[in-house]
Amino acid sequence: MKFGIVTFPGSNCDYDTFHAIVDVLNEDAVYLWHKDHELQGSDVVILPGGFSYGDYLRPGAIARFSPIMQEVAAHAKRGGPVLAICNGFQIACEAGLLPGALLRNEGLKFVSEPVRLRVENPDTMFTNRYSAGQILTMPIAHGDGRYTADETTLDRLEGEGQVVFRYMHGAGDTDASWSPNGAMRGIAGIVSDAGNVLGLMPHPERAADALLGSNDGTGIFESVLARVAA
Amino acid sequence: MSRFKVAVHIVPRRGLLDPQGKAVADALHTLGFKSVEDVHVGRHIVMELNAKSSTDAEKDARAMCERLLANPVTEDFEIATVSTS
């Protein structure tokens with residue numbers, strides 16, 4: 001199994017993601033430069049976190065026109081898995097791989113802290129190692145994470161089980177109306193209509209080693225491994 | 001071909017939460033500008049471009065807004081000015 005990790009100018013979670021895949025999961029990973037025109041045989045493509053192109057214009061707005069994104073879009077269209085984390089989620093939305101957009105946090109501050117997430121749908125290729133309603137802890141670190149879409153899109157996402165992760169309020173509280181960034185309906189992660197693109201603001205690669213506080217994120221990588229290997 | 005200067009305004013779509021606009025409105029109220037009802041913070045982009053006519057220049061700018069400069073999900077844009085430069 002080969003993971004392709006795209007590095008844009010300004011990506012800063014590509015090495016962490018590489019570490020999670022190679023050192024924790026013992027799988028193959030390769031860095032894909034934003035100017036590349038091929039995915040080097042990657043089975044799974046990861047758009048990692050960071051500040052591609054300095055977040056100029058809007059986060060992700062310029063990265064989506066990188067040469068590699070043509071290949072990523074073609075891979076997604078073929079049904080290939082794409083895992084879009086944080087800035088990667090913003091890029092995927094800008095590229096039209098996922099619906100909606102990520103706007104400036106409601107509190108206008110960059111938020112860097114562990115958050116609790118609830119698994120809303122364990123029947124996706126990215127979440128089959130989790131159970132429904134399972135609570136996970138993963139860090140977030142972003143200034144633009146307020147998921148926004150029109151009401152029709154939000155209803156459709158919820159109706160089709162495309163809302164995969166939701167922010168949870170504090171310890172043990174099941175109120176999903178809260179979010180650290182003002183995200184509509186507390187949405188932290190969604191999958192595409194075909195289910196093969198996952199976008200999420202929290203960082204599973206930073207929660208892949210219990211020694212560093214949590215390994216709750218490992219399940220995402222293991223889920224996609226289980227599905228692609230099958 | 002002539003050279004034109006085109007300015008575009010991009011603003012958050014009405015109805016969407018605009019925390020930056022709200023923060024600025026609150027600050028203006030604090031300063032005593034009680035007349036302020038609503039504030040929206042967006043972007044102002046100025047481009048110099050070559051086109052056959054001002055109509056073409058505006059058409060080009062509109063296409064740029066639709067494809068890159070504005071996010072169709074969350075923002076509205078308007079061509080503010082087109083002038084020869």
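Colleague: Hi! Before we start, what is a nonpolar core here?

Modeller: Hi! A nonpolar core is a set of buried Ala, Val, Leu, Ile, Met, Phe, Trp, Tyr and Cys residues joined through C-beta atoms within 7 Å. Keep in mind that this is a predicted model.

Colleague: Got it. Which residues touch the most other members of the largest one?

Modeller: Those are A:V82, A:A84 and A:A92, in a core of 70 residues. Strand β9 of chain A, residues 163-168, supplies the largest share of this core, with five residues.

Colleague: And which residues is A:A92 in contact with, leaving aside neighbours within four places in sequence?

Modeller: A:A92 then has contacts with A:L47, A:V82, A:A84, A:L97, A:L98, A:V197 and A:G199. There is also another core, apart from the largest one, with nine residues, including B:F4, B:V6, B:V8 and B:L69.

Colleague: Nice. Switching to the contact between the chains, how many residues does each one put in?

Modeller: Chain A brings 11 residues and chain B brings nine. On the side of chain B that touches chain A, helix α1 (residues 19-30) gives the most, three residues.

Colleague: What is that side of chain B made of, in terms of nonpolar, polar and charged residues?

Modeller: Six of its residues are nonpolar, three are polar and none is charged.

Colleague: One last thing: where is A:K35, in terms of strands, and is A:K35 buried or exposed?

Modeller: A:K35 sits in the loop between β2 (28-33) and β3 (44-47) of chain A. A:K35 counts as exposed because 10 other C-beta atoms lie within 10 Å, and the cut-off for exposed is 12 or fewer. Its C-alpha atom is 6.4 Å from that of A:S66, 31 residues apart along the chain.

Methods. Residues are numbered from 1 along each chain as its sequence is written. Chains are lettered from A and ligands numbered from 1 in the order in which they are written. This is a predicted model: local features need pLDDT of at least 70, side-chain atom pairs count only at pLDDT 80 or more; totals for chains, interfaces and linings use all residues. A residue is buried if 20 or more other C-beta atoms lie within 10 Å of its own, exposed if 12 or fewer, and partly exposed in between; C-beta atoms are placed from the backbone. Helices (H or I, at least four residues) and strands (E, at least two) are DSSP runs, numbered from the N terminus. Two residues are in contact if their C-beta atoms, placed from the backbone, lie within 7 Å. Ala, Val, Leu, Ile, Met, Phe, Trp, Tyr, Cys and Pro count as nonpolar, Asp, Glu, Lys and Arg as charged, and the others, Gly among them, as polar.
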